Amino acid sequence: MPWRWLIPILVLVAGPAAAQTQVPTAVFPFELADTSGEVASPGHDERIALATEQLARKLEGSGRYRPVDLAPLAAKVAATAPRYSCGGCWLDVARESGAELAVLPAVHKISTLISTMDIWIADLRTGQYVAHVQGQIRGDTDAAWLRGVDFLVDDRLLRQTP
């Protein structure tokens, strides 16, 4: 039965062809909207950088996204803040980076105990959002933010996007 030998060959040939291509993605830094009225916690700039790095690592590790380097555009990226209310002012910067997708993460701090974390993904060809995940995090600490990123990427984003 020579046909039995074709099945492993077909699987081997189809395997690499079925591999996903990593899409160039502009991962913008997390933004913090603090409406808590509380005294600002020290270390938010570092926490934002830490969470943004974790987000980029998780996205790249998924095999679906390839974060592009936004460092050469740092001044332009900073000028788009706050991105959650600028009406798409970040689109040109993301396109200039060579990306096809943009990731826009934000945290809305309601209190030291409760914050909401959002991650939006936009298709830069159309300017339309193609994914949005949201969840609450408990605590305004590095660990809480990192757990929030892990949960939103692993358990929500990667399960809803192809």
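Predicted model: local features only at pLDDT ≥ 70, side-chain atom pairs only at ≥ 80, totals over all residues.
User: What is the overall make-up of the protein chain?

Analyst: The protein chain has 5 helices and 6 strands. Their order from the N terminus is α-β-β-α-β-α-α-β-β-β-α. Of its 162 residues, 40% count as buried.

User: What makes Cys86 and Cys89 a disulfide?

Analyst: The sulfur atoms of Cys86 and Cys89 are 2.1 Å apart. The cut-off for a disulfide is 2.5 Å, and a pair of cysteine sulfur atoms within it qualifies; therefore the label applies to Cys86 and Cys89. In general terms, a disulfide is a covalent bond between the sulfur atoms of two cysteines. A search of the whole structure finds 1 disulfide. The link is left-handed, with -95 degrees about the S-S bond.

User: Why is Cys86 called partly exposed, and how is Cys89 classed?

Analyst: Cys86 has a relative accessibility of 24%, and Cys89 has a relative accessible area of 31%. Buried requires a value under 20% and exposed a value over 50%, with partly exposed in between. Cys86 is therefore partly exposed, and Cys89 is likewise partly exposed.

User: How do you know whether Ala40 is buried or exposed?

Analyst: The relative accessible area of Ala40 is 59%. Exposed means over 50%, so Ala40 is exposed. Ala40 is placed in the loop between β2 (31-34) and α2 (44-61). Its C-alpha atom is separated by 9.5 Å from that of Thr112, although the two residues are 72 apart along the chain.

User: How many aromatic pairs does the structure hold, and what kind of pair do Phe28 and Trp90 form?

Analyst: The structure holds 3 aromatic pairs. In one of them, Phe28 and Trp90 have ring centres 6.4 Å apart and planes at 70 degrees. Centres within 6.5 Å make a pair, and planes over 60 degrees apart make it edge-to-face, so Phe28 and Trp90 form an edge-to-face pair. Phe28 lies in the loop between β1 (23-27) and β2, while Trp90 lies in the loop between α3 (74-79) and α4 (91-96), so the pair ties together parts that are 62 residues apart in sequence. Phe28, at 0% relative accessibility, counts as buried, and Trp90, at 2%, is buried as well.

User: Why is the pair of Phe30 and Trp145 called tilted?

Analyst: The ring centres of Phe30 and Trp145 are 6.0 Å apart, and the planes meet at 55 degrees. Stacked requires under 30 degrees and edge-to-face over 60, so the value of 55 degrees makes this pair tilted. Phe30 lies in the loop between β1 and β2 and Trp145 in helix α5 (residues 142-160), so parts that are 115 residues apart in sequence are tied together. Phe30 has a relative accessible area of 3% and is buried; Trp145 is also buried, at 0% relative accessibility.

User: Which residues form one aromatic cluster?

Analyst: Phe28, Trp90 and Tyr129 form one aromatic cluster.

User: How does the reach of α2 compare with the expected span?

Analyst: α2 has 18 residues and reaches 25 Å from its first C-alpha to its last. This is close to the 26 Å expected at 1.5 Å a residue.

User: Which residues of α2 are buried, and what covers them?

Analyst: The buried residues of α2 include His44, Arg47, Ile48, Ala51 and Leu55. Among the elements covering the buried residues of α2 are β1, β2, β3 (65-67) and α5. After α2 comes Gly63, whose phi is positive, near 85 degrees.

How values were computed. Residues numbered from 1 in each chain as written. Heavy atoms only, no water. Buried < 20%, exposed > 50% of the residue type's maximum accessible area, 1.4 Å probe, protein only. Helix = DSSP H or I, 4+ residues; strand = E, 2+ residues; numbered from the N terminus. Expected span 1.5 Å × (residues − 1). Contact = heavy atoms within 4.5 Å.
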